[in-house]
Amino acid sequence: MTASDRGTASGMSESTASAMVGASGVATPAGVAPDRFFKYWLIVPAIFLLLLVGLFPLIYSLVVSFQSLTMLEMDYSFAGFTNYIALFKDARLWESLLHTVIITAIALPIELVVGLLMAQLFLERLPGRQIFVSLLVLPTIISPIVAGATWRLLFDNRYGPINQIVGWFAGEPMPLLWTISPYLVYPAILLCEIWQWTPFMFLILLAALSNVDKSLTEAAEIDGAGYWRTFFKIVLPSIWPVMAIAILIRGLDLARIFDIIYALTAGGPGTMTETASIYAYVQGFQQFETSYTAAMAFLIIALLTALVTWAIRRMGLAK
Amino acid sequence: MPLMRRPGTVLAMRYAAAIVLTIFFVFPVYWLFIISFKTPDEIFAFPPVWYPKSIQFANYRVLFKDGDAETVWNSLVLAGVSTVIAMALGTICAYSLVRFKTGGENLAVWIISQRMMPPIAIVFPIFLLYVFFGWVDSFHGLIILYTAFSLPYVIWMMRGYIEDLPLELEESALVDGCTRWEVLWKVVFPMVRSGLFATAVFTFVFAWNDFLFALVLTRTEVVTYTVQVTHYFGGQSNFWAKIAAMSVLGTIPVFFAVATLQRYLVRGISMGAVKG
């Protein structure tokens with residue numbers, strides 16, 4: 001028995017250590033590196049890369065945000081909180097955050113409720129169910145930019161099918177400017193967003209509902225509990241852990257929404273549909289405000305981190 | 001028998017609802033596909049042509065002739081290579097987290113929290129870094145970023161699959177004199193084969209579907225199909241056929257990819273919250 005083997009065994013915790021203890025009696029073949037550090041070798045490359053995208057942007061943004069760099073002017077002098085004060089006064093930033101919140105606050109509940117209703121619809125035996133489910137999943141797996149492009153074609157005021165269908169109901173041609181008119185841009189974005197991601201909710205909730213213990217719901221019905229009572233007292237609590245994660249994943253995606261807005265309206269008309277991600281993109285890559293964008297990036301990371309931490313605690317995901 | 005009739009009516013209504021929903025969710029995809037097969041006259045017909053008279057591939061031929069279809073190849077290389085690297089690094093990391101409890105619960109939570117990082121906030125500092133290194137518009141630059149961005153997902157998913165494995169086989173392999181690397185390679189990897197495959201497909205699809213990173217970090221050399229689609233957006237609708245054909249080229253591989261893993265679909269998109 002070599003020292004390195006003992007090192008590995010003591011490095012392991014409780015159950016693993018006792019389960020692996022038989023293995024520690026085996027001699028390490030000559031010429032093989034001692035495996036005391038084996039567990040660390042395994043994580044080093046991954047952690048290094050994660051730090052590159054996790055920690056580096058955070059620190060670098062923080063440093064740059066205290067300077068006043070633009071793409072044209074390399075002014076490395078310390079600028080104090082100038083950028084953060086400017087951010088605070090930037091009405092366009094707050095509006096973009098508001099737009100993000102509006103889109104999230106409307107799209108997320110609709111996706112959740114429609115997804116849940118759809119899951120209920122397909123929960124019981126329905127011949128051909130697998131075919132329906134396979135077709136319904138299509139929107140969710142295509143690229144968001146392709147989804148946006150597709151709806152751009154659908155929304156075309158003259159050659160798009162949507163205005164044609166609206167025209168059938170209206171009884172006259174309806175050349176609605178979906179991606180331009182201030183009254184229609186939000187419905188257009190929301191329609192595309194909801195179209196793409198409701199199937200995501202549907203799929204996850206269908207699986208969650210299928211796993212609900214049938215004997216519990218049946219017992220509740222025998223005890224005389226109505227449909228809604230059974231749903232809220234038994235079904236909802238048992239699907240909640242899964243539902244919470246689905247909400248979290250979608251909520252975070254919505255908070256960083258970029259692709260479909262870029263494809264449909266690019267933030268327009270004016271800045272009416274500009275979200276936080278779109279605005280940061282404009283500042284950084286069209287107006288070349290390096291330090292200002294860095295401050296904004298830092299603010300967005302801080303806001304989202306706070307949101308995630310709050311959500312994880314609130315939903316009881318931390319265990 | 002009225003009792004028999006009622007379930008029949010209910011079933012018919014459920015079918016009606018299912019069909020309406022399916023039409024709503026499938027029609028846009030259908031529309032995208034048929035535009036790619038339409039002639040310009042059919043695309044710009046008023047009222048719209050609901051189905052093309054004949055299927056023709058001229059719109060695709062243009063993309064291949066002009067070299068625009070190369071962007072699909074770029075996407076394939078970027079997503080493919082980054083997936084392989086992320087799977088390799090992510091799986092061994094997950095193994096370490098599960099078997100040796102490396103870093104404890106905190107490290108695992110930190111890793112998954114990286115998944116929640118907003119891409120726009122990451123890509124800006126990364127862009128500045130890449131400008132400094134001269135990595136903008138290079139394959140390796142984007143591959144590194146895609147790999148790093150995929151890692152939390154891979155680690156999280158593979159952690160779940162490895163947790164499902166029995167310990168006995170690994171133990172007996174160690175007793176038989178295998179090194180730890182051999183155990184990983186000969187015992188663990190084969191046993192999580194299906195999990196590896198499912199996770200790899202999803203990782204590939206996420207990178208394949210990315211737009212923002214490619215938009216910021218490419219210029220001419222490694223433009224992906226998603227960025228290429230937006231190049232046709234101009235003010236006029238002249239490029240409809242190209243938008244549709246390019247989108248379809250980028251969508252077909254994803255359909256195939258996902259069709260191969262129906263069984264793992266829900267586990268994959270719910271990040272392991274539902275074990276199928």
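Here is our conversation about this predicted model.

Colleague: What percentage of the residues in chain A is buried?
Modeller: A residue counts as buried if 20 or more other C-beta atoms lie within 10 Å of its own. Chain A has 319 residues. The buried share of them is 40%.

Colleague: Now helix H13 of chain A, please. What does H13 span between its end C-alpha atoms?
Modeller: This helix covers residues 227-255 of chain A. With 29 residues at 1.5 Å a residue, a straight helix would span 42 Å. For H13(A), the span between the end C-alpha atoms is only 34 Å.

Colleague: At which residue does H13(A) bend?
Modeller: The bend is about 55 degrees. A proline, A:Pro241, follows within four residues of the bend. The residue where H13(A) bends is A:Trp240.

Colleague: Which helices do the buried residues of H13(A) pack against?
Modeller: The buried residues of H13(A) include A:Val235, A:Ile239, A:Met243 and A:Arg250. Their partners are also in chain A: the buried residues of H13(A) pack against H6 (91-123), H11 (185-210), H12 (214-222) and H16 (290-314).

Colleague: Let's turn to the two chains together. How many residues of chain B are in contact with chain A?
Modeller: Chain A brings 81 residues to this contact. From chain B, the number is 78.

Colleague: Which helix gives the largest share of the side of chain A that touches chain B?
Modeller: By class, this side of chain A divides into 63 nonpolar, twelve polar and six charged residues. Its largest share is twelve residues, from one helix at residues 38-54. That helix is H3 of chain A.

Colleague: And within chain B, how far apart are the C-alpha centres of domain 1 and domain 2?
Modeller: Domain 1 of chain B runs over 2-56, and domain 2 of chain B over 66-269. The distance between their C-alpha centres is 33 Å.

Colleague: Which helix gives the most to the side of domain 1 of chain B that touches domain 2 of chain B?
Modeller: Each of the two domains puts six residues into the contact. On the domain 1 side, H1 (2-37) and H2 (40-43) of chain B each supply at least two residues. The most, four residues, comes from H1(B).

How values were computed: Residues are numbered from 1 along each chain as its sequence is written. Chains are lettered from A and ligands numbered from 1 in the order in which they are written. This is a predicted model: local features need pLDDT of at least 70, side-chain atom pairs count only at pLDDT 80 or more; totals for chains, interfaces and linings use all residues. Two residues are in contact if their C-beta atoms, placed from the backbone, lie within 7 Å. Ala, Val, Leu, Ile, Met, Phe, Trp, Tyr, Cys and Pro count as nonpolar, Asp, Glu, Lys and Arg as charged, and the others, Gly among them, as polar. Domain bounds come from an automatic or database domain assignment. A residue is buried if 20 or more other C-beta atoms lie within 10 Å of its own, exposed if 12 or fewer, and partly exposed in between; C-beta atoms are placed from the backbone. The expected span of a helix is 1.5 Å times one less than its number of residues. The bend at a residue is the angle between axes fitted to the seven residues ending there and the seven starting there.
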